[in-house]
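Please read these notes with the structure open beside them. They are meant for someone meeting it for the first time.

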Amino acid sequence: MSDKKIYEGKAKILYETDNPEEILVYYKDDATAGNGAKKGTIADKGIMNNKMTAFFFDLLAKNGVAHHYLRVISDREAIVKKLTIIPLEVIIRNVAAGSLAQRLGLAEGTPMRLPVIELCYKNDELGDPMVNRYHVLAMNFATDDELTAIQNISLKVNDVLKNFLKEKKVDLIDFKLEFGRDKDGKVILADEISPDNCRFWDSDTKEKLDKDRFRRDLGGVEDAYKEMLRRLTGM
């Protein structure tokens with residue numbers, strides 16, 4: 001592992017590499033909820049998230065979605081393209097759960113008539129507040145064309161993942177994406193795709209197979225991550 005740390009977040013540490021266009025990502029076992037109010041660890045989460053993220057990004061690439069993921073180099077480490085990150089969290093919701101269910105007074109599990117896209121300003125100190133297109137343009141977080149690209153890519157990712165996971169008897173309830181600009185200024189998918197930032201429910205039992213088990217003290221957190229990895233890769 002490089003000793004040139006760039007940034008440490010809640011679930012990952014980023015390091016410089018010898019290639020100025022690449023970054024090393026180290027996946028931690030640390031788990032947080034409620035914007036860091038609740039903290040703990042999930043055994044081998046970093047290993048499982050690294051494997052699942054690699055799997056999902058490979059699947060998306062095969063379906064024409066450009067992303068930053070390059071290669072896995074160890075159980076917990078991967079190499080990604082260096083991007084200029086757009087400070088937005090993009091949340092795609094297919095079914096009411098979590099904060100959406102609370103805000104709109106919906107029963108958890110209520111299907112959305114069409115995918116709902118929400119934008120949040122990525123700022124831990126402010127608690128990642130929700131913003132809309134006008135905020136994003138006014139604050140110059142992204143251009144109008146970039147926002148359109150983000151929306152189109154997000155909907156494409158949703159379609160690819162939903163259809164694939166349906167074959168694995170998993171419902172994609174909602175998930176969070178992040179984006180960045182590559183060296184040519186093109187907007188591409190970044191961050192990770194794992195049970196940390198997705199809600200996965202068993203299609204038959206509606207059992208939660210994601211970090212909600214940690215957030216809500218449901219128990220069986222490690223087993224849920226292992227089950228998702230098994231369904232995806234057979235590992």
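The points below take up a helix, an aromatic cluster and a hairpin.

1. This is a predicted model, in which local features need pLDDT of at least 70, side-chain atom pairs count only at pLDDT 80 or more, and totals for chains, interfaces and linings use all residues. Residues are numbered from 1 along each chain as its sequence is written, and side-chain values use heavy atoms, with hydrogens and water left out.

2. Helices (H or I, at least four residues) and strands (E, at least two) are DSSP runs, numbered from the N terminus. Helix H4 covers residues 144-167, and its end C-alpha atoms are 36 Å apart. This agrees with the 34 Å that its 24 residues should span at 1.5 Å a residue, the expected span being 1.5 Å times one less than the number of residues. Just after H4, Lys169 has a positive phi of about 60 degrees.

3. Rings of Phe, Tyr and Trp (its six-membered ring) pair if their centres lie within 6.5 Å; planes under 30 degrees apart count as stacked, over 60 as edge-to-face and the rest as tilted. There are five aromatic pairs in the structure. Phe55 and Phe164 make a tilted pair, because their centres are 5.5 Å apart and their planes at 50 degrees. Phe55 is in helix H1 and Phe164 in helix H4, 109 residues apart. Phe56 and Phe200 are stacked, at 6.2 Å centre to centre and 25 degrees between the planes. Phe55, Phe56, Phe164 and Phe200 form one aromatic cluster.

4. Strands E12 (residues 170-181) and E13 (residues 187-190) pair in the antiparallel sense over four bridges; pairing requires that DSSP finds at least two bridges. Five residues lie between the strands of this hairpin, where Gly185 takes a positive phi near 85 degrees.
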